[in-house]
There are 2 protein chains.
Amino acid sequence: MDPEVRKQVLRKLTYGLYVLTARHQQELAAGTVNWLSQCSFQPPLVMVAVKADSRLHALVEASAAFAVNILAAHQKDVAQAFFRPTQVENGRLNGYAFEPAPVSGAPLLVDLPAWVECRVTDRVKRGDHTVFVGEVVEAGLRDGQACPLEMWDTGWFYGG
Amino acid sequence: MDPEVRKQVLRKLTYGLYVLTARHQQELAAGTVNWLSQCSFQPPLVMVAVKADSRLHALVEASAAFAVNILAAHQKDVAQAFFRPTQVENGRLNGYAFEPAPVSGAPLLVDLPAWVECRVTDRVKRGDHTVFVGEVVEAGLRDGQACPLEMWDTGWFYGG
């Protein structure tokens with residue numbers, strides 16, 4: 001296999017962009033992710049791959065829960081803010097207002113149009129990212145009209 | 001949780017469209033899927049959720065392998081053709097020419113711009129779809145300029 005061909009092919013997969021968050025005890029973590037998809041209707045399950053050496057990974061693992069905040073098309077700057085390490089200052093997460101998710105207390109970014117909260121049911125620890133499968137236990141829609149942010153619109157790549 | 005809200009939120013996730021294929025002994029199966037993402041760089045892994053009661057699922061399971069054929073933006077009709085049960089007639093798969101993938105023999109659709117072949121390393125059997133995690137063992141690019149087909153461009157939904 002030619003690694004350059006593999007990279008080019010894997011970069012043809014289509015992704016959205018999401019801010020994944022978790023809380024364990026008093027610690028919060030958040031990060032922009034794109035390797036995420038629904039994976040079952042009944043029960044409603046979501047799968048997400050999280051970098052194994054990240055603080056976000058540690059908190060998803062410790063709390064066995066996560067929240068997915070869906071970014072709107074005009075929120076590329078918010079996506080960018082969550083590439084940085086998580087910081088809570090003046091009651092804001094990397095500069096953005098949040099509230100706790102109902103079940104796990106994972107941060108929900110109130111400027112983002114929609115979110116789901118998940119309880120981890122399964123994990124696959126194989127590569128440099130862990131696949132977490134989570135059952136959707138809560139969901140909220142703040143703006144039903146918002147168009148989601150797509151990776152293709154950002155000029156960024158995460159894959160290959 | 002309000003199931004209608006959950007449905008609306010989950011329908012805001014962004015997807016591409018792919019024809020997933022498998023071969024076991026002399027049997028072939030193929031189906032259009034969207035619940036698919038890369039999930040590791042090293043080793044290169046892909047995760048895909050496959051309907052548990054499908055023939056495609058049975059063949060991925062039996063062969064522990066699958067191929068992902070990436071659809072181009074203008075190939076909505078090809079995506080549609082693989083919603084139907086798999087049929088091989090006159091050396092064509094649901095009407096489309098194919099060749100065997102190098103390792104598993106899973107069908108590669110020669111009209112599609114790119115493909116990867118994967119060996120299943122892990123599975124999560126939790127919901128009405130099984131999550132298969134597969135290591136990329138081969139990859140091919142037939143048209144590096146092709147733009148991929150996105151779910152948003154089709155007017156279809158598979159999620160909620």
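Visitor: Through which surface do the copies meet, the same one or different ones?
Guide: The copies meet through the same surface, because 100% of the interface residues of chain A are also interface residues in chain B. This is a predicted model, in which local features need pLDDT of at least 70 and side-chain atom pairs count only at pLDDT 80 or more, while totals for chains, interfaces and linings use all residues. Residues are numbered from 1 along each chain as its sequence is written, chains are lettered from A and ligands numbered from 1 in the order in which they are written, and side-chain values use heavy atoms, with hydrogens and water left out.

Visitor: OK, and how many residues of chain A are in contact with chain B?
Guide: In chain A there are 57 residues in contact with 57 residues of chain B, where contact means heavy atoms within 4.5 Å.

Visitor: How much area do the two chains bury between them?
Guide: Chain A and chain B bury about 4,900 Å² between them, and 68% of it is on carbon and sulfur atoms. Buried area here is the accessible area, taken with a 1.4 Å probe, that two parts lose on being put together, summed over both. On the side of chain A, the residues that lose the most area to chain B are Lys12(A), Gln38(A) and Phe41(A), which together make up 14% of what that side buries.

Visitor: What rotation superposes chain A on chain B?
Guide: A rotation of 180 degrees, with 0.0 Å of shift along its axis, superposes chain A on chain B with an RMSD of 0.0 Å. The two copies are thus related as by a two-fold rotation axis. The superposition is done by least squares on the C-alpha atoms of residues with pLDDT of at least 70 in both copies.

Visitor: Which residue of chain A comes closest to that axis?
Guide: That is Tyr15(A), whose C-alpha comes to 3.0 Å from the rotation axis.

Visitor: Back to the contact between the chains: how many salt bridges are there across the interface?
Guide: The rule finds 2 salt bridges across the interface of chain A and chain B, a salt bridge being a side-chain nitrogen of Lys or Arg within 4 Å of a carboxyl oxygen of Asp or Glu. Arg126(A) forms a salt bridge with Asp122(B), and the closest N and O atoms of this pair are 2.7 Å apart.

Visitor: And which strands or helices of chain A supply residues to that side?
Guide: At least two residues each come from α1 (3–10), β3 (36–40), β4 (45–51), β10 (114–125) and β11 (129–141) of chain A. Of these, β11(A) gives the most to the side that touches chain B, with 9 residues. These names follow DSSP runs numbered from the N terminus, with helices (H or I) of at least four residues and strands (E) of at least two.

Visitor: How does that side divide into nonpolar, polar and charged?
Guide: The residues of chain A that touch chain B divide into 34 nonpolar, 15 polar and 8 charged. Ala, Val, Leu, Ile, Met, Phe, Trp, Tyr, Cys and Pro count as nonpolar, Asp, Glu, Lys and Arg as charged, and the others, Gly among them, as polar.

Visitor: What does β11(A) pair with inside its own chain?
Guide: β11(A) pairs with β4(A) in the antiparallel sense over 7 bridges, and with β10(A), again antiparallel, over 11 bridges. Two strands pair if DSSP finds at least two bridges between them. A hairpin through 3 residues joins β10(A) to β11(A).

Visitor: New topic: which peptide bond is cis in chain A?
Guide: The peptide bond from Gln42(A) to Pro43(A) is cis, with omega near -5 degrees, and Pro43(A) is found in the loop between β3 and β4 of chain A. In chain B, the bond from Gln42(B) to Pro43(B) is cis as well, with omega near -5 degrees.

Visitor: Last one, which residue does Glu27(A) meet in a salt bridge?
Guide: The side chain of Glu27(A) meets that of Arg55(A), at 2.8 Å from N to O. The pair links distant parts of the chain, with Glu27(A) in strand β2 (residues 27–33) and Arg55(A) in helix α2 (residues 55–63), 28 residues apart.
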